[in-house]
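Hi,

Here is the structure I promised to pass on.

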Amino acid sequence: MARKMLPLNIELSNLLAGSVNILKQEALAIGIDVATHKSVVTGQIKKSDVIIIGNQQKILQLLKNLESQKGFLEFAQIISQIKLCL
């Protein structure tokens with residue numbers, strides 16, 4: 001019997017807009033989403049909370065993809081925060 005992949009939502013707070021935009025692009029590329037403040041994309045706000053919407057398998061894939069961003073902006077912190085939720 002196939003194992004079900006249960007939905008998993010992870011909330012992260014007070015991220016830089018640049019980090020949020022990259023995080024959203026990386027998530028969309030693997031088929032999950034990141035909910036953000038609507039003004040992040042226009043640069044009208046500098047920070048936003050986010051909700052990563054996916055399942056454990058996809059979020060683990062997202063973490064793997066984010067490793068290449070680890071030295072950029074606040075991605076080391078973002079990766080650590082996501083790992084705490086898994």
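V41 sits in the loop between β2 (33-35) and β3. Keep in mind that this is a predicted model. Is V41 buried or exposed? With a relative accessible area of 66%, V41 is exposed, since anything over 50% counts as such. V41 and M5 lie 36 residues apart along the chain, and their C-alpha atoms are separated by 30 Å.

Now for the inside. In soluble globular proteins, nonpolar side chains tend to be buried together. Here, the largest nonpolar core has 22 residues. The ones with the most contacts inside that core are L12, L23, I52, L62 and I82. Which elements give two or more residues to this core? They are β1 (7-16), α1, β3 (47-55), α2 and α3 (75-85). Of these, α1 gives the most, with five residues.

L62 is a handy place to start if you want to click around. Setting aside its neighbours within four places in sequence, L62 is in contact with L23, E26, A27, I30, I32 and I52.

Next, the helix pairs. Helix α1 (residues 17-29) and helix α2 (residues 56-66) have axes that come within 10 Å and cross at roughly 125 degrees. The two helices are therefore oblique to each other, and α1 passes α2 in a right-handed crossing. On the α1 side, the residues that meet α2 are L23, E26 and A27; their partners in α2 are L62, N65 and L66. Sorted by class, that contact has four nonpolar, one polar and one charged residues.

How do α2 and α3 cross? Their axes also come within 10 Å, but the angle is roughly 160 degrees, which makes α2 roughly antiparallel to α3. This time the crossing is left-handed. I59, L63 and L66 in α2 meet F75, I79, I82 and K83 in α3. The residues of this contact divide into six nonpolar, no polar and one charged.

Cheers

Technical notes
Residues numbered from 1 in each chain as written. Predicted model: local features only at pLDDT ≥ 70, side-chain atom pairs only at ≥ 80, totals over all residues. Heavy atoms only, no water. Axes fitted to C-alpha atoms, helices over the stretch in contact; angles between N-to-C directions. Helix = DSSP H or I, 4+ residues; strand = E, 2+ residues; numbered from the N terminus. Parallel < 35°, antiparallel > 145°, perpendicular 65-115°, else oblique. Left-handed = near helix turned anticlockwise from the far one by under 90°. Contact = heavy atoms within 4.5 Å. Nonpolar A, V, L, I, M, F, W, Y, C, P; charged D, E, K, R; others polar. Core = buried A, V, L, I, M, F, W, Y, C linked by side-chain atoms within 4.5 Å. Buried < 20%, exposed > 50% of the residue type's maximum accessible area, 1.4 Å probe, protein only.
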